[in-house]
Amino acid sequence: MSVLLSDVLALPALRGATVSPRDADVAVEISAVVPAGGDDPVEGPFVLATAGAPPELAPEGCAAVLARTAAVCSVPVITLPPETEWADALGMLAEALGFAGGLAAAAEARAALRRLATVEATADDVAAQAADLLDAPVAFLDEYLNVLGSAGLSLAQRTELQDAIESARGHGPVSLVGALVREGLAGSHQREVVGPRDPVGIVVLWLARPPGSREHAILNELEFAFLGMRSRDAVRLDTEARLRGDFIEELCAGEPLSGDLVVRRARHLGAELSAGVVAIVGTLQDPHSQGRRISDERLVQRFLQRARSIISINRAGALLDWRDGELLVLLPPGRSVDVEHEAAVDVEALALGERLMSASAQAVPGLALTLAFSRFTRDPSRLGMAIEEARLAHSIGEKLGRVGELVTFEETG
């Protein structure tokens, strides 16, 4: 099989490599990689691999040289960066040249994933494209093992994946991605995706056979697509968090805001607060260490994932925020509740609080979730006062030793 030198330079293990001279023709074909000092005859143009300096005059049939040191040679010289492992570069180059379809599959995957990037596709869209390229079910998980997107999974595979996630989450505050990879998942292949410092997620696929060069080539492209997707998600989530924080700060600042303005601002954040809210303030604490609030990012994310799920299922239109160790929920009344009966709204809010307490006991066992509730506030212009009521109830509840309980303003205010 022959491939273009320009395609070889796009291999993940060769990224960051330099080519000299800069204007070298990289549209030449190559069909093999040959280590320096080898005596076996080679058919077709080849890449000479040398860990030392390239020769001034390349041997007959040599189309390029792969080296650690840049030097003048009669053919293009590919110089690897210091951080690149020599064995990784050679192995990937040999695989690309030795197995048909690897580079072609990578090029196909790259083109398809770039098309998706231009239309800001969702994680489910990317998973569907990956499943089509690999002809296998695919799931994307983030670093907290939340399923970002999936395609082609059967009910049994979804169940097995969820069981594996719950098992990995039971390992405490360690790398959840690493725990899932170590434990494995029957019938699947996992590819851990690592960012600049830590794992940012995992790709899980169900193949009928072990992945070959074609599948690895596609997975390499998926890995870069995944990193790009997670980077965009991080920017979006950071922006949304800042907007929520700014909105809540304005509500609590005491400056007069019209109800119409508050409702419009909330709608931009995906919340519907026109019918009023019960404000809920919560903290996660170590019940064995008085006053110690939990800030471990992994534990917080496990809790928030469950909390968001419970609230989105039971109360569309609520606003949830986590900042500086404090959970804040602006909870509108359910559609079936008559807002003229404030006691019924309060009872419904407490019932949701019970669900959150139960969910936190499963997500972060051993930690205490304390939730404090304001009175039902019908006027959107007075939401800041509702938040202050909930915070006051929480503060007094802590002083009364009610950590890990539901506390209301009417009890403490």
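How much space lies in the largest pocket? About 1,500 Å³ lies there, a pocket being an open set of points on a 1 Å grid over the protein atoms alone, where a 1.4 Å probe fits, with protein on both sides within 12 Å along at least five of seven lines, and the volume being the space filled by probe spheres set on the points, joined across faces, edges and corners.

Before I go on, this is a predicted model, in which local features need pLDDT of at least 70 and side-chain atom pairs count only at pLDDT 80 or more, while totals for chains, interfaces and linings use all residues. Residues are numbered from 1 along each chain as its sequence is written, and side-chain values use heavy atoms, with hydrogens and water left out.

The largest pocket is lined by 45 residues, and L237, R244, Q301, L304 and R308 lie nearest its centre; lining residues have an atom within 4 Å of a point. Helix α7 (213-252) is among the elements that supply at least two residues each, and α7 gives the most, with twelve; helices are DSSP runs of H or I with at least four residues, strands runs of E with at least two, numbered from the N terminus.

In the second largest pocket lies about 360 Å³ of space, and of its 14 lining residues E143, Y144, D198, P199 and R298 lie nearest the centre. Two or more lining residues come from each of α6 (176-183), β11 and α9.

Strand β11 also belongs to an open, antiparallel sheet of four strands, in the order β9-β8-β11-β10, where strands pair if DSSP finds at least two bridges between them.
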